[in-house]
Amino acid sequence: MPGTAFPHSERERMGVRGLLPPRTTTLQLQEDRIMAAYKHGVVLVKPEDVATGGVTSEMARKWKVLQDLQNRNETLFYKLLLDNFAEMAPIIYTPTVGWVCSNYHNLYRRPRGMFFSSYDKDHMAAMVYNWPQDDVHAIVVTDGSRILGLGDLGINGMGIPCGKLDLYSAAAGFHPSKVLPCVIDVGTNNAALRADPLYCGLDQPRITGPAYYELVDEFVNAVMARWPNAVLQFEDFQMAHALTLLQRYRDHHLVFNDDIQGTAAVALAGLYGALRVLGKPQEALAEQRIVCVGAGSAGMGVVRQIAAGMVKRGGLTPEAAASKFWVLDAQGLVTQYRPGLPGYVSRFARPTSCSVAEEGDGLLDVVRKVQPTVLLGLAGAGKLFTTEVLSAMGQHCERPIIFPMSNPTSKMECTSQEAISVTGGRCVFASGSPQPSVELDGKTYVAGQANNLYIFPGLALGAHIGKTKIVTDNMLMAAAEILPQLISDKDVAAGLVYPSLEDIRLLSAEIAAAVIKTAAADGHVCDEAAAAVAAGHVQLLDWVRGHMFTPTYSSLAYLPPGIKE
């Protein structure tokens, strides 16, 4: 635990405030930790015991190999990750990162990124200058309050920004020295963590109310003042704050929330991909009847994005688009009978005059009455897509579109095996967490994954190099529309609704180009980006690729031409 024994007074004088976790340790505690590891080994939560599910001991072993490599040789680490992206992305990020966060206080060896806390109130504008890099291009921040399906992990959530920015570097070419993972430690309500002597976050319950928002305001103002051209991504904030924070900053800072906006864009892209599998144009989105299970910020973000697609591509009015949805929460079908609905839900509540389905109807009843063509799962409540529900989807629809998008694996509404088997291989399937291929009647069905990493690296790259100042709904729509066009004909024939990750740099470049074009049409790009757009698509792609970091060894010693060649 290097540096953690420095008292706060010394951290301030030495210019390392924010570069170390906030809780200080003693020499005796450090000795005890090493002796425990020496005698018994480091005691970690077993991967198979982590509530995220889907993580194995082999995946944890591979993460340790890659983490050790990153600490020794960053260039080789990113070369390896770029060349093996499809295989290694689940090791670097979800689902393995859930295990990493569960064990962060035991795995911690050296600080990475910046640690802000309520102890730093009124000091953040100064402490950001302790970070040695003057030119930061991307920042990912969490408050650790909703880490995947694990809930409140406090400062242990730092594993999320670190893993996310590794994907930024590999997938979109952000230089590793110009990205900044951050955590805002406002305490944790996880009593077990607070009681653990190795936990390196604040030993206090979470701050709430106005004090919480004042702290986040100070953080945003501090990092945006020092790095005004950086793109700031919010990640894994509890839903009580996530939408509020997004709305608070999105109109005047270059920020986005991947849980809300990235998930929405990748869901819409997946539906466009599914329509392509079915041989239909994007305009056919307006013909779909969509049942969405989950009325939280993420679920309703998906619904809003799809409705916007119906308006743009299908020519529907916003009211007509809203009528295509049936939204369910823990109390069943949401209708206008329901009192106290938040504004982002009420628009999609079924009218009281609707006679097809009633307030509070369960999922099976809704599916049988509505006969939807699309079933979306965003509730994070586990196996809601039962055999009966899946069977009902297959009875009334020849090729039902079934997307259990909840993360992690343990929170998914159904598995690929369940959906494909029950529908006899007729469904068009994609899930939020990785799922294995399914063998049925001598045929192999490959399960697609609605993974946000298709969207956020290219979106962030386009926003940053285009200097768009804000991330607009039109930019997100552009990303969602271009992604299904990048699916190969071979993958479409195999029923895949997302392109292969093998050439992730090409996907990110195309998405960045689409984002920049849209921002340019809206007048939100710098002169250099506008000139690249005007030069044509090929030139724009070349310009985007020119901003991508390539992991290679640079010469550290100058030799005149002809010497030792």
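Predicted model: local features only at pLDDT ≥ 70, side-chain atom pairs only at ≥ 80, totals over all residues.

Biologist: Is His105 buried or exposed?

Modeller: His105 lies in helix α7, which covers residues 104–107. Its relative accessible area is 6%, and a residue counts as buried when that value is under 20%. His105 is therefore buried.

Biologist: Which side chains make polar contacts with the side chain of His105?

Modeller: Not counting residues up to four places away in sequence, His105 touches Arg33, Asn156, Leu193, Asp196, Leu198 and Tyr199. A polar contact of 3.0 Å links its side chain to that of Asn156, and another, of 3.2 Å, links it to that of Asp196. The side chains asked for are those of Asn156 and Asp196.

Biologist: What separates the C-alpha atoms of Gly458 and Ser508, which are 50 residues apart along the chain?

Modeller: Gly458 sits in helix α20, residues 456–465, and it is buried, with 0% relative accessibility. Leaving aside neighbours within four places in sequence, Gly458 is in contact with Ala172, Ser508, Ile511 and Ala512. Although Gly458 and Ser508 are 50 residues apart along the chain, the separation of their C-alpha atoms is 4.1 Å.

Biologist: Which elements do the buried residues of helix α12 pack against?

Modeller: In helix α12, residues 239–249, the buried residues are His241, Ala242, Leu243, Leu245, Leu246 and Tyr249. As a general point, an α-helix has 3.6 residues a turn, so residues three or four places apart point the same way. The buried residues of α12 pack against α11, β4, β5, α13, α14 and α16.

Biologist: Which strands stand at the edges of the seven-stranded open sheet?

Modeller: The seven strands follow the order β8-β7-β6-β9-β10-β11-β14, with mixed pairing. Two of these strands each have a single partner strand, so one side of each is left without a neighbour in the sheet. The strands at the edges are β8 and β14.

Biologist: Which residue of β14 stands opposite Ala430?

Modeller: Strand β11, residues 428–431, pairs with β14 in the parallel sense, over two bridges. Across from Ala430, the residue in β14 is Gly448.

Biologist: What angle does the direction of α14 make with that of β7?

Modeller: Helix α13 lies across β6, β9, β10 and β11, and runs at about 150° to β10. Helix α14 also packs on the sheet, where it touches β6, β7 and β9. The angle between the directions of α14 and β7 is about 180°.

Notes:
Residues numbered from 1 in each chain as written. Heavy atoms only, no water. Helix = DSSP H or I, 4+ residues; strand = E, 2+ residues; numbered from the N terminus. Buried < 20%, exposed > 50% of the residue type's maximum accessible area, 1.4 Å probe, protein only. Polar contact = N/O pair within 3.5 Å; in protein donor to acceptor, adjacent residues only side chain to side chain. Contact = heavy atoms within 4.5 Å. Pairing = 2+ DSSP bridges. Axes fitted to C-alpha atoms, helices over the stretch in contact; angles between N-to-C directions.
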